[in-house]
Amino acid sequence: RLLRILAGEETTRRTLPDNAILVARNLGPADLLEYPAGALKGLLLEEGSAASHAALVARALEIPCVGRLSGVQDRLSEGDIVIVDGETAEAHLRPRAHVIEAARSRLLIRESLRADIAGLRHLAAITLDGEPITLLSNAGLVSDAAALDATGADGIGLFRTEFQFMVQDKLPGLEAQTALYTQILDAAGDQPVTFRTLDIGGDKVVTFLQGGREENPALGRRSIRLGLDRPPLLRLQLRALLRAARGRELRVMFPLIASVDEFTLAKGLVDAECDWARRRGWALPSILRVGAMIEAPALLWHLEALLAQTDFVSVGTNDLMQYMFAADRTNPSVADRYDTLSPPFLRALAQIHAACAASGTPVSVCGEMAGRPLEAFALIALGFRRLSAPASGIGRVKRMILTLPLARAEKLIAPLLT
């Protein structure tokens, strides 16, 4: 897209010009949510990688984003023309006429491709062998749930509840949380929704929950650790989820479980809230399923004990990769140092799937990996049948599935594990 530059971070968010892009040194994921829907047409960052949470939010909002552009703020002025290509991670500053024309040609091709993919949204994702694949959507906003039909997704495999916390300067109360979760369930209708409990820390900052400075926040007091350290915070969220799902199925998933004990404690809080609701005569969900995200490599050596307690699990490939490869995915200088299709990571995924198959535990994959056709091809060949992807990736992955000879793919991937 041809976009007009909005230089600096202090411009009033309510008076953005048409086709504005934001140029910043770095952004947190909550910063993007403060802009009106559709106001930003692009994002240029001096820092930050494609795997950062801000970039993930940008993709969910369909905002082209390019990072690692050192010094870009000093090289641009308001009103400059820029081409931002989020697919190739390239930004063309003040492009010449032939570059603009080439970009227009690519846009025509891309729009044609989008139209072809849109025509597939009501088709079931079934391989050439007749194997059905469940394609779910990652979400974090009410609008994501309302757009399920547009993507052809089979439901929401990961609803990021932390977005509501990140855009406010005080803790959302019981009524506010209940209202949001009710809206999501209403918008999804009969389709399943999996709510991930509060996952903050690292680059996902909540102003009213600030703790002391941590030398390595990615390995610090974040996600389920914060919830277990502050039980009232987690219990309030669980109470809101139970209220919202009265008479309906509720799927709750705890993030960054690193030990079986953590899941046992978290599940105990769910039981305590159910008991609290029963004593007050509240209606409970018709079905309650409690699951865990597999993001910490330590669980690879304790899967049997974990799976014995869970109703389902989901593999969070974004964090699992960064911990396996000891590479901070938000640090642009090392973000490219891991490979989602490397033998060690594929073998880890195969191990998780085998353990889930042996125990009969439903398993899905909910990282960015599930939304890219090549990586999704590998996941399906490894045995995964439930993928939860960013909305923008569902159509492309479905198109791949419809042309996939699964039996041949399974034979081809086996030698790659070694």
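Visitor: Which of F254 and F263 are buried?

Guide: Both F254 and F263 are buried. The model is predicted.

Visitor: What makes F159 and F195 an edge-to-face pair?

Guide: A search of the whole structure finds 5 aromatic pairs. F159 and F195 form one of them, with 5.7 Å centre to centre and 70° between the planes. Rings pair if their centres lie within 6.5 Å, and planes over 60 degrees apart count as edge-to-face.

Visitor: Where in the chain do F159 and F195 lie?

Guide: F159 is in strand β8 and F195 is in strand β9. They are 36 residues apart, so this pair links distant parts of the chain. F159 and F195 are both buried.

Visitor: Why is the pair of F254 and F263 called edge-to-face?

Guide: The ring centres of F254 and F263 are 6.2 Å apart, and their planes stand at 75°. The cut-offs are within 6.5 Å for the centres and over 60 degrees for the planes.

Visitor: Is R289 buried, exposed or partly exposed, and why?

Guide: R289 has 33% relative accessibility. Buried means under 20% and exposed means over 50%, so R289 is partly exposed. E249, at 31%, is partly exposed by the same rule.

Visitor: Why does R278 count as exposed?

Guide: R278 has 51% relative accessibility. The cut-off is over 50%, so R278 counts as exposed. D275 has a relative accessible area of 39%, and is partly exposed.

Visitor: What makes R278 and D275 a salt bridge?

Guide: The N to O distance is 2.9 Å. That is within 4 Å, so R278 and D275 meet in a salt bridge. Both lie in helix α10, 3 residues apart, about one turn of the helix.

Visitor: What makes the charged end of R239 sit over the ring of W276?

Guide: The charged end of R239 is 3.6 Å from the ring centre of W276. The distance cut-off is within 6 Å, and the charge must also be within 35 degrees of the ring normal. R239 is listed as sitting over the ring.

Notes: Residues numbered from 1 in each chain as written. Predicted model: local features only at pLDDT ≥ 70, side-chain atom pairs only at ≥ 80, totals over all residues. Heavy atoms only, no water. Buried < 20%, exposed > 50% of the residue type's maximum accessible area, 1.4 Å probe, protein only. Salt bridge = Lys/Arg side-chain N within 4 Å of Asp/Glu carboxyl O. Helix = DSSP H or I, 4+ residues; strand = E, 2+ residues; numbered from the N terminus. Phe/Tyr/Trp six-rings, centres within 6.5 Å; stacked < 30°, edge-to-face > 60°.
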